[in-house]
Amino acid sequence: MSTGTERRQRTPSPTRSPARGNDATPAAAARPMNAAMMFSVVALTITVVGLLYLVQTAQVASLGYEATRLEQERAAAALENQQLTYEVASLEALPRIERLAVDTLDMQAVRARIFVVVPLPPRDDLSLPEPVTRPEQSLALRVWERLTGQSTATNMGGEP
Amino acid sequence: MSGAPPARRPRNDVPRYRVWSVMVVFLLFVSAISYRVVGVQVVRSEEFGRWAVAERTRENVAAARRGEVYDARGVRLATNVPSNRVSAILSQIDDTRRTAELLSPLIGRTVEDIDSALNEPELEWVLLARRLTPEVSAQIVALGIEGIVLDPEPSRMYPFGTFASHVLGFTTYDLRGAYGVEGHYDDVLGGSPGKLLGERDGAGNLIALSQSSWDSPIDGADIVLTLDSAVQYAIERILADVVAEQSAAGGTIIVQHTQSGAILGMASLQTFDPNTFNLIDDPTIFLNPAISMVYEPGSTFKSVVMAIGLDDGVVYPDTLFNDDPGYFAVSGHPAITNSQGIVYGAQTMTQVLEQSANLGAIFVAQKIGRDRFYQRLVEFGFGYETGVDLQGEEVGILTLPMGAGWNDVLFYTNSFGQGIAVTPLQLVNAVSALGNGGRLMQPYIVAEVRGADGTIITQPTVIRQVISEETSAMMRMMLESAVLHGTGELAAVEGYRIGAKTGTAQIPSPNGGYIEDATIASIVGFAPIENPLFTVLVKIDWPKELFSGQEVSAPVMARVFEELFLLYGIAPFAAQGAP
């Protein structure tokens with residue numbers, strides 16, 4: 001009567017193993033190497049990608065806080081600008097300006113304007129300019145100017 | 001078998017039931033997790049998604065900037081400033097009395113008042129003060145009182161205080177406009193708030209590059225008034241002087257550009273500071289007397305009646321009228337006489353205006369005819385809003401024939417400005433039409449609205465032609481004569497041609513009749529006569545030293561015109577007419 005154990009002990013064939021072992025030895029040695037390398041590469045890739053993602057996320061978060069800070073600075077500057085605008089407007093108040101002018105600068109309010117009537121002198125010396133007629137151009141010259149698109153000008157006013 | 005040791009089971013020879021047991025447990029575990037995962041991620045994913053978004057995101061209202069208000073010279077009259085409100089978290093205040101003593105000088109409330117507020121039994125927190133300036137806010141922060149909290153809130157400020165306050169109005173704490181330009185143009189100035197919906201971190205900061213939506217606020221438009229701060233300052237000063245000199249109850253001065261209808265100045269007393277509107281107990285102070293208070297115009301109204309008579313061709317400047325025996329009898333009513341019972345005898349229409357004769361005005365009204373008279377008054381805008389772009393305009397009281405409250409004597413008393421009530425702006429606008437060739441202009445106070453999408457410039461608008469150019473020319477001459485030879489003599493400015501009509505109206509008593517010795521002294525007119533540019537109304541309420549428009553208001557008008565001629569460089573007539 002044989003036991004299960006015995007059956008399992010018999011199962012491996014002592015004659016086949018060396019033969020297979022002889023054939024597979026180099027491949028078997030290479031396969032774990034390849035798998036380990038593959039695993040390492042994948043792990044490294046995942047690590048690098050993860051790190052890049054983390055760096056990117058950290059930078060985005062950092063830039064976000066920077067943007068928030070700048071926005072707060074902008075808002076504070078806007079508020080300060082509003083306050084300064086109000087102060088400028090207050091300083092422009094007419095009663096204050098008048099008080100400064102009168103009390104500090106010894107100025108006086110204008111009470112009257114003096115209008116001086118200045119009659120325009122008659123311009124008898126003016127005379128109409130003599131009409132100047134443009135010298136007649138020859139037909140050939142006019143045709144040439146049309147064709148070439150160029151033209152000549154004559155100083156009619158007598159000024160250089 | 002007895003002597004042999006039992007065969008050892010190989011290490012990997014695990015009983016199958018154990019494997020299955022582990023597998024079943026594992027499967028159960030995985031199933032439970034899967035069930036939960038599917039439940040969370042699939043079945044209720046939308047619900048949880050909404051929760052998560054609601055947890056991370058927050059909606060903030062971005063307030064629109066309220067537009068600023070400038071005068072015609074570019075002077076800023078209303079602007080926005082940062083401010084704070086201070087509150088107290090009552091459970092955190094240890095010594096309420098000490099806290100009240102420290103805050104009292106800074107926030108303008110009494111120690112007892114603050115202490116009482118800090119001991120409110122029913123409240124968790126109380127608002128102690130609003131619109132604190134940055135300086136005061138900094139002082140409160142420096143006190144370092146635990147439980148005292150400052151929150152920023154924008155507020156509206158009026159740099160010149162009471163200056164033109166009735167024209168400007170004010171804004172409430174929630175920046176809603178009330179009265180004046182602020183009230184009328186609240187939608188234009190206020191803009192539309194925006195909305196920022198975005199993910200935020202634990203500190204409430206917006207997470208950059210996260211999903212967010214941003215509806216930008218639409219800022220309010222800036223407004224440029226026709227009001228000239230130099231004119232406004234001058235008339236406010238003059239008005240304050242005369243009200244003080246006459247111990248008057250108040251008064252109004254309006255300066256309108258005769259040709260366009262633009263308001264150059266509008267001052268009234270009593271006034272208020274819009275920065276501290278909350279301190280005013282009587283809200284009627286906020287009403288602009290120039291548009292919201294009605295009064296009997298008295299004899300100033302005769303100028304309008306005379307213009308109607310001339311325009312209808314029923315009288316001419318030299319038409320003679322004899323007021324003998326010096327009274328006009330109306331059945332069932334006391335006889336109507338001229339002021340102080342004076343009998344002038346025969347007089348021209350020009351003299352009727354010069355002497356401000358009541359009986360002469362009745363004569364003109366009778367010539368016009370009752371129905372025609374009231375039709376023309378309505379054409380002049382009496383009894384209706386002028387449509388000026390200010391909040392709170394009244395229509396006045398014009399009782400039409402056979403209308404409610406009508407009686408026959410009204411027709412006669414209305415002809416000299418009694419029994420009718422107008423706003424100062426209605427009258428000044430009607431008198432502008434007498435001077436500008438007969439065009440009733442739409443009065444306006446906003447010259448430009450400068451919005452994000454462009455600038456809208458108000459164009460002068462003619463409502464209707466109420467009298468002819470010829471009638472206007474006659475009225476200019478007649479009103480000038482009223483200044484040169486009549487009751488408006490004290491309104492004259494040397495070298496300039498001014499036309500004006502005075503008025504002294506009694507003040508109706510709430511109990512019926514009129515208040516004894518109480519008058520409204522007024523004058524309305526324009527200058528320069530050769531080309532009227534300024535229409536001025538001066539109205540002094542209940543002067544105590546003198547009482548008539550002739551004595552009280554005419555000299556004030558002269559001062560106003562002097563200032564206007566100086567400010568705008570108007571040359572005297574002699575200089576203009578020189579060859």
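Visitor: How many bridges join strand β11 of chain B to β12(B)?
Guide: This is a predicted model, where local features need pLDDT of at least 70 and side-chain atom pairs count only at pLDDT 80 or more, while totals for chains, interfaces and linings use all residues. Residues are numbered from 1 along each chain as its sequence is written, chains are lettered from A and ligands numbered from 1 in the order written, and side-chain values use heavy atoms, without hydrogens and water. Strand β11(B) covers residues 250-257 and runs antiparallel to β12(B). Strands pair if DSSP finds at least two bridges between them, and here the number of bridges is six.

Visitor: Which residue of β12(B) is the bridge partner of B:I254?
Guide: The strands β11(B) and β12(B) form a hairpin. Across it, B:I254 has as its partner in β12(B) the residue B:M266.

Visitor: Which residue in the turn between β11(B) and β12(B) has a positive phi?
Guide: Five residues lie between the two strands of this hairpin. One residue in the turn has a phi of about 90 degrees, and that residue is B:G261.

Visitor: Why is β12(B) described as largely enclosed by the rest of the structure?
Guide: Strand β12(B) spans residues 263-269, seven in number. A residue is buried under 20% relative accessible area (1.4 Å probe, protein chains only). The strand is largely enclosed because the number of its residues that are buried is six.

Visitor: What distance does α9(B) reach from its first C-alpha to its last?
Guide: The expected span of a helix is 1.5 Å times one less than its number of residues. With 17 residues, α9(B) is expected to span 24 Å. The model comes close to this, with a reach of 24 Å.

Visitor: Which residue in β15(B) stands opposite B:V330?
Guide: Strand β14(B), residues 327-330, and strand β15(B), residues 333-337, run antiparallel and are joined by three bridges. They form a hairpin with two residues between them, and B:G332 in the turn has a positive phi of about 85 degrees. Opposite B:V330 stands B:H333.

Visitor: What is the mean pLDDT of chain B?
Guide: In chain B, 96% of the residues reach 70 or more in pLDDT, which is the predictor's confidence in each residue, from 0 to 100. For the complex, the predictor gives an ipTM of 0.71 and a pTM of 0.78. The mean pLDDT of chain B is 91.

Key: Helix = DSSP H or I, 4+ residues; strand = E, 2+ residues; numbered from the N terminus. Buried < 20%, exposed > 50% of the residue type's maximum accessible area, 1.4 Å probe, protein only.
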